[in-house]
Structure formats: C-alpha cells, structure tokens
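Here is a friendly walk through some side-chain contacts, with charges and rings as the topics. Have the structure open beside the text as you read.

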Amino acid sequence: MSAVISVDHVVMNFRKNKEKVDSLKEYVLKSILRKLSFDTFTALNDVSFEVEQGEVMGIVGLNGSGKSTLLKIISGILKPTEGRVSVNGTVSPLIELGAGFDFDLTAEENVYLNGSVLGYSKKEMEEKLPEIIEFSELSEFMNVPIKNFSSGMVARLGFAIATITRPEILIVDEILAVGDFQFQKKCEERINEMMSGGTTVIIVSHSIDQIKRLCDRVIWLENGRIRMEGACEEVCLAYENQGV
Amino acid sequence: MRGRIFIIAVMGIIILILTSVYSIRLSSADNLYCKSMDYENKIIPTSDMELENFDEGEDGLVLKESSSIYLHNIDTYVYTMRFNAKIDSDKALKIYYTEDKEENFSEGKSFEANYNIVNGRPVIIADRYMYSARIDFIDNLGTNLKISSIELNDYSPVIDIEKLLAFSLFPTMVFIIAAAVVIFGVKLNLYINVFRKYVPLISNLVLRDLRVKYRRSILGFLWSILNPLLMALIVNAVFSHIFRFSIDYFIVYYLMGSVLFNFMTECTMGSMLSVIYAGGLIKKVYIPKYIFPMQKCMFAFINMLFSITAIIAMIIITGMPVTWSALLFPVPLLYTAVFSLGLGLILSALTVFFRDIEHLYTVFVSAWIYLTPVIYPESILTDALRNIMRLNPMYYYVTYFRGLVMYGEIPGISFNLACAAYSLLFLILGMAVFKKCQDRFVLYI
C-alpha cells in the first residue's frame, strides 16, 4: 500500500487584519501613516499524517480546531504557509455540495456545469446522467431551474454528481448531515461501495456514530494540532470522554 | 527557482537595454534629422511660396500635370526638406535649384527625390546649397495636397517608438519566453494537461454568460449588432458635422475603432471582477483560477464577432471599396485579444486585494479612449502628441485594423513586431502577477 495523501509538517497561518484594508486608497494612507498591522492566527500547526489507498480517514475535533482548513488544504483550495501536501489522484471535494451550481439554470444544465467544475467533460457526464438522475431521485425535476429546489434536493443532486464520477479520492465535509435519514443511509451506502472499489475517503463529521460506522482510522484535531491519531474505536472513545 | 527567475529578469533587462541602444542607433541611422543639425533651420510658410498651376479643390489644393512650388531666397545649405503637408501620393518629385541670385533654373541643376515618411510627414533629402528652388510634382495629376509649410533642416530629435518596440522589446520578450520554457519545461506538460481538463468548464461558463446575456431580451443577439450601429450613427451625426474631420467613410472609421476598443474594455472590465465573482466556487473547489479571466475574454471575443457584423453591414451600406487585405482582419484582433487577456489577468489579480481599482480603471479607460484615435483622425495631433500616442498599445491595434480594411494596407514587419511586443509584454506580466497572487485570492475574497 502506498500513501495517496501525505501531509508533511503543514502550518497554516491566517492574517487577522485588525481593520480590513481592501482598497488602494486605504492601503496607501495607512502605509504612509504606518498604521498597517497584522496579527497572525495559526489555524494548523505542524500537522503531519498519511492516508493510504482505500483507507477511510475520519477527522474529528471541536469547532475551530482546523478541520475544514485541513480539508481545504488537501483539496488544493488553500496553499499551506509552510510544509508540503502531496496528493496522488483525482480529488472530488465535497466541501459544500453543489459548488458552482447556477441557480438560474435547470438541474440538467447544472449537471454539466458542475461536472465541468470537477473537471469532467460533457461526454462523460452524458454517460453518467441516467445514473445521477436515478440516485438523486429527481427524474421529474430535471428541467426545473434549481432555484425552485428545496435544500435537500440540491444536496441530493450535488452528492450524486460528486460521487458518480468515481474519483480516486473523496473529501467529505459535514455534508452527510443534510437530507433525511433515508438519504443519509443511501449516501453511506454509496461511500461504502466506493471504498470497496478502492476510493480513498476523508470524512469530517460531528456525528461520532457516523465516523464509527465508516472510518478505519481517525485523527483528532485540537487547536490546530493533532491530539491523537489511531484506530477508529480508540480515538472516538477518547474524543467522547474528553472533559468528562 | 527564485534565483533562476531573478537571473532571467536581470538578463532580460540587460537584453532590453542593449537592444534599445542598438535600435535607437538603427533608427537614427536612417534618421534624416541627424545630419540636418549642422545646418540652418528655416521654416517657409505658404505665404512665402509661389504656387503655380494648382486648382483649388474642396479639400485643399489639387495638383495638375505641371504644378510647381517656387521657393525664393532660401540662401542656405539644404540637407532635408520636410513638407508639413498631407500629400496623397507617393510619386517622385523633381527639384530644380539655383546657387546664385542671377541664375535661372536649368536641367543641369535638378534632381529627382522620393519621399521618406518620417513621423508621418514626407521628407526629402537634398544635400546641397540652394539659393532658390522649384519643386515640380511629376505625374501627380489630380491628387490632393494640403500644405502648411516647408521646413528646411529640421532637427527635432526623434526616438522612433515603433522601432524601439519592434527591435528591443520584442526580442526581450522572446528571450523571456524561451527562458521560461527552458525552466518550466518539465512542468509545461502538466499545465497543459490541467488546462485541457478544464476546457469544458470554460466553454460551459462562456455558454452560461451568453445565455444570461441574451435570454432576457427579445431582440437577443441582434442587440450586439444594433448597439454599435446606433452608437456609430450618433457619433457620426455629431462629429462629422460639427468638427468636419476630413475622413472618408467616417462612420466606418469610427465603428472600427470603437468596436476594437470596446472589445478591449469588455475583456479587461469583465476579467477584473471575474475572480471576485467566482469567489463562491474558488472557496469550495480547486479550479485553476486563470480560467475566470480567460473565460471573460472569450465571452468578450464572441460578443465582438457580433459587432463585426455591424462593421460589415456599414461597409455595405456606405459602399466603401474593400481590398483583399481586409481578409487579414483576424490578425489585429488576435493581438488585441492577447494584450487584453494579459491586462485582464493583472487587473483581476490586483482587484481582489484592492477593490477600488475597479473605479480607478473605469476613469482610466475613459481617458484612454481619447488617447487612441477612435473618434478623431490621427492627423489632427501635433508631432509631440503623436509620439506619445505611439506608446499606447491600442493605437497600434486600431491603426492595424483600419489599415487592413479601409486603406488596403498590410503593415510591415516593424509594425507587426511592435504589436506583438506589447501583446507579449502584457501577457507575460499578467501571467507573472497572477501566478504570484493566486494562492492568496481565497483568503481575500
């Protein structure tokens, strides 16, 4: 087994501008008056780990512990301040479902648009269209602009598109919390199915039950550092018992 | 990597300096003014000339078969003779001269001279002492001549900006590109593959923009054609009657300039905000960010193609004669597109950090259109202003475009290289600025 994702001593600093400077005028004025100052906020501090092929890695932690930042770095949205991240394979990030949906367009048009956002050609999407319709259970609504959709319907469509293309790496951020329990179950089945097909998955969730059901290994982040890393049961137990 | 980029930059600057020294020398080698500096400078206004055999046309003087201009009492060594005039002819002149007050003009003291066009004015080299002179226009039947003065031995220093761009900036840009290909050569394949992967995204985004633009109006695509046509009619009504510019087919002249300039504006303005508007996507998915300005430029390009229909319509309506050279019209469009993409990349990157660039740029563009011969003819400018205008990239593209379609002129090598130099300069600058900034976009959107 080889490491598909390796995160090597990653540090992520954000600048906390006391007063946000976003115009040239302010910038010039303030640099003349020497009022430009920045505080830095360290969201991730020296985080290293590796994920191997076919593994399902869970990330747990309290709000503000750096989970989403870590996922954004892995999916290439953010560049780390220090350290290196190497990812071998196609990534389908589900940071938020339906990224790039245009709400004025119909569901079918959005399938192609969202597919191209994830880097798939029209032809590939045409082949997958029936499967997407079937999975999202939206066959009656494919010609409806999605501004008329409920949030659950949008989530279903988004999940269907992101997972239908069999990415080599799937990154899931908290999205399994949307939709009813039936759809959540369906999503979990889909993830299980993908795992058996060799897809590497990283999941962030506040639902410990979900993590326990799906993951092989878990990382516990606290204030931007890895507090604990190990087998699922062990870490989940420690996480649940913290502060008790 | 940083060290190597630094070395390239330093070498680029050295090449730029060396080649500009060379090209200034090159342009002064054929610069007639250099030698004229040694002789007396004299301006002879039309009132001191004796004009023979001219007809008064509605547009200045009309030459006939035996038209001549007499210049009396020159009494100086004449190296160059510059006509502050517009002569619609490139035929040779025959010049008779005398060296003495008592002498008559004779075949023995005469020579034929061709025009050299320097800074848009015809200049001939005489290189001899003259007491008086007679200038004969041979074979110039029925051409227009508008002359304000003849200047002898003018030595106003000239730096030919076009040559500077063509023989200095262009080779520097070529060097930088070659060096970049050598350095990034290994990664080049990777970049191309990533770009290929996102081609469908670009076409989808362009389609989406087109749908949004045209879905909501009944006239749809027709608007893109009607809009410039109506504008041209208004400008034509105002300018051709109030200012009486001496341009044939003024409406086509204006339309060509404005369509090209508007294309550049639409590209850059669209690109400028494209990254900010795509913030939602950039925060959620990894997408190469240059996709967004690039897509806006393609969208603007498609819109421009509609406007070109308006130009064609106007050419047909006015019955303007068109030569085969007009078929080369995509060349200036390509130069403009590359230039606009580069400028768009710079603007889109900077606007993420400084939002007020949007307002500054809007003001800048409205000044820029007056520094480009869109609405007025180049000939109304003074030489100094004209030289400043040669720094303006849009000047070259607009002139190129009009030259091909309206006057059947195919620009020469140095003009083409000057166009390419600006396009490449901005493309390289744009790519460099964008690449340097793009990782921080997501933090500022």
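## Charged and aromatic contacts

Both K296(B) and D209(B) are buried, where buried stands for under 20% relative accessible area, exposed for over 50% and partly exposed for anything in between (1.4 Å probe, protein chains only). Before going further, please note that this is a predicted model, in which local features need pLDDT of at least 70 and side-chain atom pairs count only at pLDDT 80 or more, while totals for chains, interfaces and linings use all residues. Residues are numbered from 1 along each chain as its sequence is written, chains are lettered from A and ligands numbered from 1 in the order in which they are written, and side-chain values use heavy atoms, leaving out hydrogens and water.

K296(B) and D209(B) join in a salt bridge, 2.9 Å from N to O. The term covers a side-chain nitrogen of Lys or Arg within 4 Å of a carboxyl oxygen of Asp or Glu. This pair links distant parts of the chain, 87 residues apart: K296(B) belongs to helix α8 (residues 291-318) of chain B and D209(B) to helix α4 of chain B. Helices (H or I, at least four residues) and strands (E, at least two) are DSSP runs, numbered from the N terminus.

Over all chains there are 15 salt bridges.

| Salt bridge | N to O distance |
|---|---|
| E109(A) and R211(B) | 3.7 Å |
| E107(B) and K94(B) | 2.7 Å |
| K296(B) and D209(B) | 2.9 Å |

E109(A) is partly exposed at 22% relative accessible area, and R211(B) is partly exposed at 32%. K94(B), by contrast, is buried at 18%.

Now to the rings. Rings of Phe, Tyr and Trp (its six-membered ring) pair if their centres lie within 6.5 Å; planes under 30 degrees apart are stacked, over 60 edge-to-face, and the rest tilted. The count over all chains is 25 aromatic pairs. One of them is the tilted pair of Y422(B) and F426(B), with 6.4 Å between centres and 45° between planes. These two residues are four apart in helix α13 (residues 413-444) of chain B, so about one helical turn separates them. Y422(B) is buried at 9% relative accessible area, as is F426(B) at 17%.

Charges also meet rings: the charged end of R134(B) sits over the ring of Y96(B), 4.5 Å from its centre. Such a contact needs NZ of Lys or CZ of Arg within 6 Å of the ring centre and within 35 degrees of the ring normal. In chain A, K186(A) lies over the face of F135(A), 4.9 Å from the ring centre.
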